[in-house]
Amino acid sequence: MIKITLPDGTIKEYAKNSTPIDVAKSISEGLARGVISAKFNDTTIESTTPLTTDGSLTLYTWNNPEGKKAFWHSSSHVVAQALEELYPGVKLTIGPAIDNGFYYDVDLGDQSISEKDFPTIEKKAIEIARGKHDYKLRSVSKADALALYKEQGNEYKVELIENLEDGTITFCDHDTFTDLCRGGHIPNTGIIKAIKILSVAGAYWRGDEKNKQLTRVYGISFPKQKELTQYLELLEEAKKRDHRKLGKELELFTFSQKVGQGLPLWLPKGAALRERLEQFLKKAQKKAGYEMVVTPHIGQKELYVTSGHYAKYGEDSFQPIKTPKMDEEFLLKPMNCPHHCEVYNFKPHSYKDLPKRFAEFGTVYRYEQSGELHGLTRVRGFTQDDAHIFCTPDQLADEFKNVIDLTLYVLGSLGFEDFTAQVSVRDLNNPDKYIGSVENWEKAENAIIDAAKEKGLDFIIESGEAAFYGPKLDFMIKDALGRSWQLGTIQVDYNLPERFDLNYKGSDNGLHRPVMIHRAPFGSMERFIALLLEHTGGNFPLWLIPEQAILLPISEKYEIYAEKVLNSLENNEIRALIDSRNETVGKKIRETEMKKIPFMLIVGENEEKENTISVRKHGGEDLGSISIEDFTNLITKEINSTLKTF
């Protein structure tokens, strides 16, 4: 017999070689019908994998992220089989699950796939799925694995296998199909009821531009046709809310090939919106005791060698800038934290000076692959709302909790109420990914978990998601379309103070290391604004939107009165403008609706006589004729209801 520990702490005994499905059946038949994958002692396994030792077991259904991952990865195998049958000679490479669905990278040789081919691929994939073929994982020797793919002439799989250790290689079989695979599958193909090919794109083998460009086939699948229909409806809504489309329509930002890929240009309205976001956070930061600093856009290469960023991110950075001086090299700043360490080092500190909280809206640069760039969400130059807190170990808990409060204030004021806190810790199986001592890592991880518990956050722990220098608390936001994004982040770091030899004089007159907290409630201005655009559909909170109202005089005769109203609004800090074009009021209203300006103020003979304005809200609601004072009060009340005091 073996002892199995369930997530609620219950320990049950089962016969050796029982499977996760057997465990599920012992709980309920309904659960067993829904189980599609499992985790045993932190390792993803099949739901049919025999359990041979004591351990902890978690069962996953379609409703769990890990269950979806197994479902979508299994579906990628089915699509790969369909591609093999439809495109003779195709060479398969990798086919992982992603946040929404999966992709498979293939070398089609002289063949190609276009949108008109999608229905054929989907039909073949569903035909395969209906066969209810079991997924079977089996171990293969390195020699046999290499022999198979060398015979097939698949140099991609050969390269992957050559980097694997003998004894760790597994193949997954279903129907007549075999693929190199580590595992994590659903029981059989019959569970897959709906498959949709979403798009095709180019992708370099292993993300290296020097390698051959492959065809990446994106798809998604569901256990019910109804869920696919709902997803496609959501996709259509997402297209309407695409921040690239809205950014152009609302004249917020643009890109220029002459300036360079991934380098956004902020237009006047977008720059004003950014400025309001910055001032909003600066005001809260000032109350919380932060001091603003400014650091250069470049730094000597040695700065980032000291911090460890060059070793970890050198390949993802722009290449060093050489100067006329021999052996002098600079880098475009990939991170703000090394600069802030040197700000701290400007003068000696006592324990009485701490905490020191240095904040900066600092622009950083990273050389993202061109195929990975996407509007404002993935760029090569972006501005972080960065701050670094240097504190004593005794101050760490309170400082961390204060940053949580600030982050919740920022997210709440902008309508992001649906989120999950994620504690991102080390991958204990890959210690080489990280710098610093095990002792410091354990202290940092425990500090974050304790703070999250004390603040009553609904949090999960994710292994392997930590930064290379320390663990972090990430805020995973769900937008209006139900999609998850990482925005705010708070990180605890014992390592950079060590590497930069930071210290303070303690009450014992000895020198001690401060602890460093990295934090960015927005994350980056670019990504935050992109997600805010899509979350709101361009209908920003009233306090933030570039233009809060537009005056529409019904004829030229009433433009002088419109100017008078405008002056009154501006004196009350309401952002407004006048549309004095020689167009009909109806056309002006239609165009204003498209610009998503919250209030249309129509003025004519009656309004001028009575010193009022006729107010129409974005979306069509008519508020009737009211005084300018009442309209000012209405705006103030609406702003105060959404913009809370920190």
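A search of the whole structure, a predicted model, identifies 21 aromatic pairs; rings of Phe, Tyr and Trp (its six-membered ring) are paired if their centres lie within 6.5 Å, with planes under 30 degrees apart counted as stacked, over 60 as edge-to-face and the rest as tilted. In this predicted model, local features require pLDDT of at least 70 and side-chain atom pairs count only at pLDDT 80 or more, whereas totals for chains, interfaces and linings use all residues. Residues are numbered from 1 along each chain as its sequence is written, and side-chain values use heavy atoms, with hydrogens and water left out.

One aromatic cluster is formed by Trp 62, Phe 71, Trp 72, Phe 222 and Tyr 231. Over the face of Trp 62, a member of this cluster, lies Lys 68, at 4.7 Å from the ring centre. A charge is taken to sit over a ring if NZ of Lys or CZ of Arg is within 6 Å of the ring centre and within 35 degrees of the ring normal. The ring of Tyr 103 likewise has the charged end of Arg 216 over it, 3.8 Å from its centre.

Helix packing was examined next. Helices (H or I, at least four residues) and strands (E, at least two) are DSSP runs, numbered from the N terminus. Axes are lines fitted to C-alpha atoms, for helices over the stretch in contact, and angles run from 0 to 180 degrees between N-to-C directions. Helix H3 (residues 65-86) and helix H4 (residues 118-129) cross at roughly 115°, their axes coming within 9 Å. This crossing of H3 and H4 is right-handed, the near helix being turned clockwise from the far one by less than a right angle (anticlockwise for left-handed). In contact (heavy atoms within 4.5 Å) are Val 78, Val 79, Gln 81, Ala 82, Leu 83, Glu 85 and Leu 86 of H3 with Thr 120, Ile 121, Lys 124, Ala 125, Ile 128 and Ala 129 of H4. The residues of this contact comprise 9 nonpolar, 2 polar and 2 charged, where Ala, Val, Leu, Ile, Met, Phe, Trp, Tyr, Cys and Pro count as nonpolar, Asp, Glu, Lys and Arg as charged, and the others, Gly among them, as polar.

For helix H13 (residues 396-413) and helix H14 (residues 438-454), the packing angle is about 55° and the axes are 10 Å apart. H13 is therefore oblique to H14, given that angles under 35 degrees count as roughly parallel, over 145 as roughly antiparallel, 65 to 115 as roughly perpendicular and the rest as oblique. Leu 396, Phe 400, Lys 401 and Ile 404 of H13 make the contact with Ala 447, Ile 448, Ala 451 and Glu 454 of H14. By class, these residues are 6 nonpolar, no polar and 2 charged.

Helix H17 (residues 559-571) packs against helix H20 (residues 628-642) at about 40°, with axes 11 Å apart; the two are therefore oblique to each other. Their contact involves Tyr 561, Val 565, Ser 568 and Leu 569 of H17 and Ile 628, Phe 631 and Thr 632 of H20.

Backbone geometry was also examined. Leu 354 and Pro 355 are joined by a cis peptide bond, with omega about 5°. Pro 355 is located in the loop between helix H12 (337-344) and strand E20 (356-365). Asn 17, in the loop between strand E2 (11-14) and helix H1 (20-27), has a positive phi near 80°.
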